[in-house]
Protein chains: 2
Amino acid sequence: MAIGTLGHALLGLLAQRECTGYELTRTFDESLAHVWPTKHSQIYPELAKLQAAGLIRQSGSGARGSKTYAATAEGLEEVRRWMRDTIPSESVRTERMLRVFFLWLLPPNEASTYLREIGGRHRERLARYEAIAAIIPSDDPEDRMGRIAIEAGIRYESAMADWASWAVEEIAKSAS
Amino acid sequence: MAIGTLGHALLGLLAQRECTGYELTRTFDESLAHVWPTKHSQIYPELAKLQAAGLIRQSGSGARGSKTYAATAEGLEEVRRWMRDTIPSESVRTERMLRVFFLWLLPPNEASTYLREIGGRHRERLARYEAIAAIIPSDDPEDRMGRIAIEAGIRYESAMADWASWAVEEIAKSAS
DNA sequence: GCCTCCATGTAATTGGTTACATGATTCT
DNA sequence: AGAATCATGTAACCAATTACATGGAGGC
């Protein structure tokens, strides 16, 4: 019963503060899902597995049958070991970028529409990330790692938005 | 027997030119795997499915029992429909970026090591992509879409390499 | 009373990875 | 003769998505 990437991500969140399965699900939806999409139907069974392995424990229970989990000492050790001693998978999976390889199948105007649309989505997310970055106090060392993570998002979205605009112009050039 | 993203990607490649399963596997390994990782053990069964659906046909056979496949008219239509009429999944999956959310678990010097290592990998790939871009003739409209795809890779790797360097400096600042 | 959000789970299916298995051809 | 590369496939397992299923609590 080996524990995978999702398990380690849950451990990482629970290392910060105790949470219910529902809260973990929302944290994924709001931030981690941008790099590691997950559904509640995967989170609940995974929590059961982590508990069975002694890496988390149920630290309380609240209204509507909610259960709060916390990382155990072994859990903390495990997530640190994962961060230090294991090599992250190189792989990135993005259908949006995959499709770029097949844009030649479309007439130039439709390819441009596709690129403009994805540029728009990147700009949207860029604005959201910048808004989040703006409210992180820049002098608090506690938040520094959070700021570093959001900066990755900002630079990624910004680079892709610029690329999309550039690509639209490239296509316009060749059409003339 | 619905056809998924991998099936459409294979159709897209076969729309360009006929290929054997082995050649498709290599094309994935060399370029498409950066955005859609796949193994030969998934490609061969998928080709059988596409053939059964009439979207590709076996167009020949060569040495060592190799089989060459080509997209049929229906296959071409299907991949164009996919590009035009379906919305790509928003999701991106990258363990490397997931781990950035948990860098606070490590002491600053180990977090810096992680960031320097991923920065190095991004610079490596950037160099490879730039080398590929350099040999694409910039005036050939046939290659323009390929150039646009590689430019996305260049900008992505470049942005992430810069981000990693910036992050290392941020950590150094807070340590002092 | 109804709607929304909170809250947890299971079942069925599809997608993806790792391991197993085999054999031909070419290069050294 | 042995190693590397070409070439195709299957089986077992694990990960992920979609659909099913249920119920409490609070607001309107």
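Colleague: At what angle do helix H1 and helix H2 of chain A pack, and how far apart are their axes?

Modeller: In this predicted model, H1 (residues 5-16) and H2 (residues 21-30) of chain A pack at about 105 degrees, with axes 11 Å apart.

Colleague: Why is H1(A) called roughly perpendicular to H2(A)?

Modeller: Angles of 65 to 115 degrees count as roughly perpendicular. The angle here is about 105 degrees, so H1(A) is roughly perpendicular to H2(A).

Colleague: Which residues make the contact between H1(A) and H2(A), and what classes do they fall into?

Modeller: H1(A) brings Leu6(A), Ala9(A), Leu10(A), Leu13(A) and Leu14(A), while H2(A) brings Leu24(A), Thr27(A) and Phe28(A). Seven of the contact residues are nonpolar, one is polar and none is charged.

Colleague: What makes the pair Glu90(A) and Arg96(B) a salt bridge?

Modeller: A salt bridge needs a side-chain nitrogen of Lys or Arg within 4 Å of a carboxyl oxygen of Asp or Glu. The closest N and O atoms of Glu90(A) and Arg96(B) are 2.6 Å apart, so the pair meets that cut-off. Between chain A and chain B the count is seven salt bridges.

Colleague: How much area is buried between chain A and chain B?

Modeller: About 6,800 Å² is buried, and carbon and sulfur atoms give 69% of it. Met83(A), Arg93(A) and Arg99(A) supply 12% of the area that chain A buries against chain B, more than any other three residues.

Definitions and conventions
Residues are numbered from 1 along each chain as its sequence is written. Chains are lettered from A and ligands numbered from 1 in the order in which they are written. This is a predicted model: local features need pLDDT of at least 70, side-chain atom pairs count only at pLDDT 80 or more; totals for chains, interfaces and linings use all residues. Side-chain values use heavy atoms; hydrogens and water are left out. Axes are lines fitted to C-alpha atoms, for helices over the stretch in contact, and angles run from 0 to 180 degrees between N-to-C directions. Helices (H or I, at least four residues) and strands (E, at least two) are DSSP runs, numbered from the N terminus. Angles under 35 degrees count as roughly parallel, over 145 as roughly antiparallel, 65 to 115 as roughly perpendicular and the rest as oblique. Contact means heavy atoms within 4.5 Å. Ala, Val, Leu, Ile, Met, Phe, Trp, Tyr, Cys and Pro count as nonpolar, Asp, Glu, Lys and Arg as charged, and the others, Gly among them, as polar. Buried area is the accessible area (1.4 Å probe) that two parts lose on being put together, summed over both.
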